[in-house]
Amino acid sequence: MSLLESPSFETISSTIKSTAHSDGTYVLALTSLGNYYVSSASSPSNAIHLFDKSSLQRVQTLKGHDNATTALKTVKHIGGSDHHMLLSAGKDGCVIAWDERSGAPSMKMAASGRSRTLLSCDASHDGLTVAAGTDLQKEDAFILYWDPRKPTIPLRVHGSTHSDDITAVHFLKNSPSPTSGQILLSASSDGLVSTSNTAEDDEDEAVLNVGSWGCSISQAGWIRGSSTAGIWAASDMETFSCWSNELDMLQNCDIRHPSVHSHGRTWVTDYLITCQNTKRADSNLAVFVGSNEGDVALLSSSNIADSSTPWTINSVWAGGHAGVVRSVLWDENHEVLVTGGEDSKIITWRCPFPEHSLASDNSALDIDSADLKRERDDDMDVCESEPVGMFLCLRSQLEVLTMNCLRTVKK
């Protein structure tokens, strides 16, 4: 594998603004909500902080979860609401939709019976289904589904899709097919990525496709707009993969291998931070990686489905953090990169668009915090979106399932 410098490559060492968690906690996740950047803090704080985008002054603090916040993201609406909301999951077994104005939960969803640690969560595009993935307890790991209009008990529970911690759940969004909004991507420490029809009560009928990577998966997400790859995934061993719509593996590489040693510059990747969908990067996917010194780089590939295609390094942001960077958010509308690290710092940087990039797509404003991968004992989950092209294949599978059900009813 090779790593080439983009024609527009630059190292950015001047920050725009900087702030920090006052209690010294790690910045585990970042997302955007209206005029605010939002961060999630590690234990013992577990708080969720809102910062003004212009000044980075903290304007609100939400209590967070009683026992570690494990996932944080922004969803367009939920349970009939007409505005963007923060959604979080925690080790206390709850998914919470927050009213950031009052600082209190607007709704809380929990598993019935014994409390289970939740590691990931998401809401469907129409806001009428919420999903969460649990950790492994004894021999079971579950995907829980709620109707947020009736949040007291789960709508359904699927317990055989995965056999270990469920580290990522993401609904398919921004698709022209109404039925595709029922499709959920899930990934697990059992090495499986799966797509499921969330409207199906029978779990055996619900699973649409399964791909096996053979290593513990820490993050995964949809790739919106790609003609070949539909899903990306990252492992605990800093390997990266991408998959077709039917979950056939297209690429499997160690993200640490491509490096640059030229023109007096050196870049060596130590870990993958997260990936973000964008039409401003090749293959519609921006891959953010970090160094142990606290620097961040943006990588892309012109054909992410082809392992022989060289990677491109577009920018490096250097000198802002001391140590591991846990979270990255690319605010494309403001051409700003937001980074958060184990040093408690939250930093905004200028983020130039790659020279070869395509026009902006302002139609997809859902912002997910990618599911945090570094040690779950440090408690947490940061960004991606979904493919428009893949709905055709998955819709046909849903249509087949519907026809089969109709035949059964007629009999």
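The model is predicted, so a local feature needs pLDDT of at least 70 and side-chain atom pairs count only at pLDDT 80 or more, while totals for chains, interfaces and linings use all residues. Residues are numbered from 1 along each chain as its sequence is written, and side-chain values use heavy atoms, with hydrogens and water left out.

Let's start inside. In soluble globular proteins, nonpolar side chains tend to be buried together. A nonpolar core here is a set of buried Ala, Val, Leu, Ile, Met, Phe, Trp, Tyr and Cys residues joined through side-chain atoms within 4.5 Å; buried means under 20% relative accessible area, exposed over 50%, and partly exposed in between (1.4 Å probe, protein chains only). The largest such core has 23 residues, and Phe 240, Val 287, Trp 311 and Ile 313 touch the most other members. Several strands each supply at least two of its residues, including β1 (3–12), β20 (229–235) and β28 (311–317). Strands (E, at least two residues) are DSSP runs, numbered from the N terminus. Apart from this core lies another, of 19 residues, with Val 95, Ala 97, Ala 111 and Leu 118 among them.

Take Val 287 as a guide: leaving aside residues up to four places away in sequence, its contacts (heavy atoms within 4.5 Å) include Phe 240, Cys 275 and Trp 311. Cys 275 is itself buried, at 0% relative accessible area, and Cys 94 also counts as buried, at 10%. As for disulfides (a pair of cysteine sulfur atoms within 2.5 Å), a search of the whole structure finds zero.

Now for the charged side chains. Eleven salt bridges are counted, each a side-chain nitrogen of Lys or Arg within 4 Å of a carboxyl oxygen of Asp or Glu. In one of them, Lys 73 pairs with Asp 122, with their closest N and O atoms 3.8 Å apart. This pair links distant parts of the chain, from strand β7 (residues 69–75) to strand β11 (residues 118–123), 49 residues apart. Lys 73 is buried at 0% relative accessibility, and Asp 122 is buried at 0% too.

Another bridge joins Arg 326 and Glu 342 at 2.9 Å, N to O. Here strand β29 (residues 325–331) holds Arg 326, while Glu 342 sits in the loop between β30 (336–341) and β31 (345–350). Arg 326 is buried at 4%, whereas Glu 342 is partly exposed at 25%. Returning to Lys 73 and Asp 122, salt bridges that share partners join them with Lys 173 into one network.

Technical notes:
Helix = DSSP H or I, 4+ residues; strand = E, 2+ residues; numbered from the N terminus.
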